[in-house]
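Please keep the sequence and the model in view while reading.

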Amino acid sequence: MNAPINPPKLYDCRDAFASTLERLAAENETIVAVCNDSVGSSKLGGFKSRFPERLVNVGIAEQNMVGVGAGLANGGRLPFVCGAAPFLTGRSLEQIKADISYSNANVKLIGISSGMAYGELGPTHHSIEDFAWTRVLPNLPVIAPCDRIETAAAVAWAATYSGPCFLRLSRVGVPDLLPEGHRFELGKANLLRQGSDVTLIANGTLTHRIVKAAEILADRGIDARVLNLATVRPIDEEAIIAAARETGAIVTAEEHSIFGGLGSAVAEVVVDHAPVPMKRLGVPGVYAPTGSAEFLLDEYGMAPSAIADAAQSLIKRK
């Protein structure tokens, strides 16, 4: 298949995060940023220049960083705690549990370069367990926006939400999928394409891939519904149940292990309320090797054509 003559422009969601945070900080002097020697990778350079006294760089000390965030929240500040997703979550899980979730501290955790965005740095830098680790914790919404527009909307929402949340952002460029001016609603799916034969569900960097997969399926005469499920917890049970009952088959795709992530969350709803055939696409319970994020996603069956093939096979089980 020939590449499109004018491929869509790709955007780094970190830029939308940074510009939105700077705008909000100009309006709200309680907003502070906390990072782990990640001013550059978190795109906080502009924030540092504009609000130098409101950026706290704790160095490579993620557990301390989360504690500092909790302390700032207790002192009346509104902290956005930013760090590479594998280290923010993996190294600091106890602090996230006790200082943030259990304490219901008003801290916004921003996991940067999630999934396999650090692909060339190898398995230690892949963040393919963070959904599982965070979505099990009470009081902690878990969110993975699909594009720059949803990222900006989710950051603006987080600044007004009274309580903690975990916002998962990739550095891999993605096209716009949602309209300008989109408003984020916690726990609400976005219907990107109506369909009656099968439902494709994803979030984050996989959303535009399932959109392409639906286009491939349309060429094969298959009508695929497409849901962007940015909120992993609380999940949109109503949209999932409707999809199961109305299309009879569900495929999930995620830049995460198939254990404990988006696919597991969807399956929990399906098995409880509307059992139908499902296929969960993701990293199959292994340490993903070194390689670019695009290569690794394709390697684990998440190229748009592979997603389409999985959906077509699943339909036969209806």
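Two strands are said to pair if DSSP finds at least two bridges between them. Helices (H or I, at least four residues) and strands (E, at least two) are themselves DSSP runs, numbered from the N terminus. The model is a predicted one, in which local features need pLDDT of at least 70 and side-chain atom pairs count only at pLDDT 80 or more, while totals for chains, interfaces and linings use all residues. Residues are numbered from 1 along each chain as its sequence is written, and side-chain values use heavy atoms, with hydrogens and water left out.

Strand β4 covers residues 108-112. With strand β6 (residues 165-168), β4 pairs in the parallel sense over four bridges, and here Ile 110 is opposite Leu 167. Strand β3 (residues 78-84) also runs parallel to β4, joined by five bridges; Cys 82 faces Ile 110 in this pairing.

Five of the five residues of β4 are buried, a term that means under 20% relative accessible area, with exposed over 50% and partly exposed in between (1.4 Å probe, protein chains only). Lys 108, Ile 110 and Ile 112 lie on one side of β4, and Leu 109 and Gly 111 on the other.

Helix α6 (residues 130-135) contains Thr 134. Thr 134 is buried, because its relative accessible area is 1%. Leaving aside residues up to four places away in sequence, Thr 134 is in contact (heavy atoms within 4.5 Å) with Thr 89, Leu 140, Val 142 and Phe 166. The C-alpha atoms of Thr 134 and Ile 96 are 8.5 Å apart, although 38 residues separate the two along the chain.
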